[in-house]
Structures are given as C-alpha cells and as structure tokens.
Amino acid sequence: MEDWLMEEQLVGAEMIAENELRVGVIEKFIQELPDKVLRFGVRVLLALVVFLAGMQAIKLVRKIVRRSLRRGNADEGVIRFLDSLLKVVLYILLVFLIASGFGLDATSVVALVGSAGVAIGLAVQGSLSNFAGGVLLLLLKPFKIDDYIKDSNGNEGTVQEVQLFYTRLITPDHHVVIVPNGTLANANILNMSTLEDRRMDIVVGISYDADIRTAREVLLKVLNDDPDVLKDKERLVFVDELADSGVILRVRCFSRNDTYWSTKWRLTEHVKYALDEAGISIPFPQMDVHIQTGAQKQ
C-alpha cells in the first residue's frame with residue numbers, strides 16, 4: 001500500500017513538473033515574442049532598403065555600361081542584349097544578397113541548383129534555345145536594329161529590339177510581333193534594309209489595242225521625272241505577260257531604302273495619270289454573254 005502511494009506521488013510530481021515546464025516555455029515565448037517581431041521587422045525594413053538601393057545601383061551600372069558600349073561604337077542590338085543580360089544577373093545577385101541577410105546560405109542554394117541542373121535544363125530547354133539563338137543573332141548579325149526583315153515563317157517588320165529570349169518586330173500597320181530568337185536563328189531571313197537601294201516593280205496592264213511603244217515611252221518619262229528614282233540604276237519597261245484581258249507591262253526601277261514606299265505609291269499614281277493623258281486604257285476583266293433562242297437552236 002505504501003509503495004503504491006509513493007508511486008502515485010511520484011507520477012503526480014512528474015506531471016506537475018511537466019505542466020510547469022510547459023507553462024514556463026509558453027511564458028518565455030510570449031515574453032520574447034515582441035523582441036522577435038521587432039528584430040524580424042527590422043530585417044524586413046533593412047531588406048527593403050537594400051532592395052531599393054540595389055535597384056538604383058543596378059540602373060546606374062546599366063547606364064554606365066550602355067554609355068561605354070555606345071562610345072565604343074557597339075551595335076545597338078548588342079547593347080540592348082547585353083543590357084538585358086546584365087539586368088537579370090544583377091537582380092539575381094541582389095536577391096541572393098538579401099536572402100543571405102535572412103540567414104539563407106547562398107552556398108547551399110548554389111549546390112542545390114547545381115544538383116538539380118539536369119531537371120532545370122529540361123524544363124527550360126526552350127528558353128535556353130532562345131537565349132542561344134539570341135547570342136547567334138548578335139554574333140552573326142543577319143540584321144540590326146531598324147532593319148526591315150521577313151523570315152521563312154511569314155513574320156516581318158522593322159526590328160525594334162533583340163532581347164534575351166525574343167526579338168520584337170514592328171509591322172507596317174504598327175503591330176508588335178514577338179519572335180523567339182531560337183526560331184529566328186534557324187529561319188531563312190530576308191533583310192530588305194542591308195543595301196542602300198531597293199528595286200521596285202510596278203505591274204501595269206494595257207489593252208491589246210494600245211501601242212506598246214507609246215506606253216513604254218510614257219512610263220519611262222514618268223520614271224525619269226520622279227526625283228527619288230535613282231538615275232544611275234536601270235530603269236526598264238517591258239512586256240511581262242500576254243494576259244487574257246490585256247498586255248501586262250512591268251515598270252522596274254530603283255530608289256533609296258528610306259524612300260521606297262513613298263516612291264512606289266507616288267509612281268503608281270503617276271503611272272495612271274500618264275496613261276490616261278496618253279489615251280491608253282487600262283483593261284479590266286470582262287465577260288461576253290451570248291444568248292441563243294430556241295428557234296436558233298433548231
């Protein structure tokens with residue numbers, strides 16, 4: 001009986017000690033909570049200050065690098081590409097710096113990323129392909145900023161920017177086309193701005209009753225009178241096709257790249273005026289319908 005009482009007393013004492021220990025831990029946590037919250041808040045505030053200061057420092061570094069590259073007469077596409085790359089790298093370093101302030105071991109993170117490199121590579125292989133394509137575009141330079149290009153996939157426009165993974169094109173109707181660098185690097189590219197001059201062809205149809213020699217003289221005069229048609233390049237007017245409704249003439253000349261479209265639109269209008277003044281008609285599709293009556297059939 002005495003042994004049982006002693007055991008009960010021991011169990012009760014242990015329970016009381018455990019309860020007191022728990023109460024002590026909770027009280028200690030509650031007492032330390034304001035201090036921990038304050039320290040965490042200070043860390044967050046410092047991290048925010050570091051991030052804002054880092055943003056300004058990154059902008060300053062990028063500005064200095066861009067200015068240095070422009071002084072070195074670097075291509076504008078290379079400047080923008082390196083600027084994008086530098087921006088990404090510096091922001092990654094800034095995030096690691098802030099994370100280390102919260103006790104994160106950057107070495108462990110790098111080791112973890114390295115061990116997961118295969119999985120990451122498979123997940124972002126499309127992005128890596130686009131990045132490699134951007135590097136190839138900058139090294140091989142099939143085009144530069146402000147060039148008008150067209151690829152084999154039907155994308156065309158004026159090159160606005162070559163970024164890390166994509167190239168931005170502005171179409172003539174002022175739309176933005178985003179083309180992956182990997183796709184663009186593997187496509188056939190037609191660069192219409194490489195040469196200083198560009199050839200234009202204007203197709204004109206005249207009736208079979210019109211005199212071809214007179215039409216040729218009229219059209220050549222239009223080319224000779226236009227100030228933007230290059231006089232040191234060939235200017236031709238020749239029969240291109242004998243079509244169903246008329247004779248198809250092709251007017252061929254050259255102009256500077258920067259005046260190509262304005263010259264073509266103006267010449268097309270002046271060709272119509274000149275042919276009208278010369279009395280040469282431009283044919284249009286016609287159809288003759290013959291109706292037979294029942295008596296004629298018999």
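**Exercise 1.** In this predicted model, what kind of contact do the side chains of D225 and K221 make?

*Solution.* 
- Start with the pair. D225 and K221 form a salt bridge through their side chains, with N and O 2.8 Å apart.
- Check the cut-off. A salt bridge needs a Lys or Arg side-chain nitrogen within 4 Å of an Asp or Glu carboxyl oxygen.
- Place the residues. Both sit in helix α7 (residues 212-225), four residues apart, about one turn of the helix.
- D225 is exposed, at 52% relative accessibility.

**Exercise 2.** Find the parts of the chain that the D83 and R66 pair ties together.

*Solution.* 
- Confirm the contact. The two side chains meet in a salt bridge (3.0 Å, N to O).
- Locate each end. D83 belongs to helix α2 (residues 76-101) and R66 to helix α1 (residues 2-71), so the bridge ties together parts 17 residues apart in sequence.
- Compare accessibility. D83 is buried, with a relative accessible area of 12%. R66 is partly exposed, at 24%.
- R62, R66 and D83 are linked in a network of salt bridges.

**Exercise 3.** Is each partner in the R256 and D258 salt bridge exposed or partly exposed?

*Solution.* 
- Take the distance. The closest N and O atoms of R256 and D258 are 3.4 Å apart.
- Recall the cut-off. Exposed means over 50% relative accessible area.
- Apply it. D258 has 64% and counts as exposed. R256 has 37% and counts as partly exposed.

**Exercise 4.** Which side chain does D276 contact?

*Solution.* 
- Find the element. D276 lies in helix α8 (residues 260-277).
- Name the partner. Its side chain makes a polar contact with the side chain of K272 (2.5 Å).
- Note the surface. D276 is partly exposed, at 43%.

Notes:
Residues are numbered from 1 along each chain as its sequence is written. This is a predicted model: local features need pLDDT of at least 70, side-chain atom pairs count only at pLDDT 80 or more; totals for chains, interfaces and linings use all residues. Side-chain values use heavy atoms; hydrogens and water are left out. Helices (H or I, at least four residues) and strands (E, at least two) are DSSP runs, numbered from the N terminus. Buried means under 20% relative accessible area, exposed over 50%, partly exposed in between (1.4 Å probe, protein chains only). A polar contact is a pair of N or O atoms within 3.5 Å; within protein, one must be able to donate a hydrogen and the other to accept it, and residues adjacent in sequence count only if both atoms are side-chain atoms.
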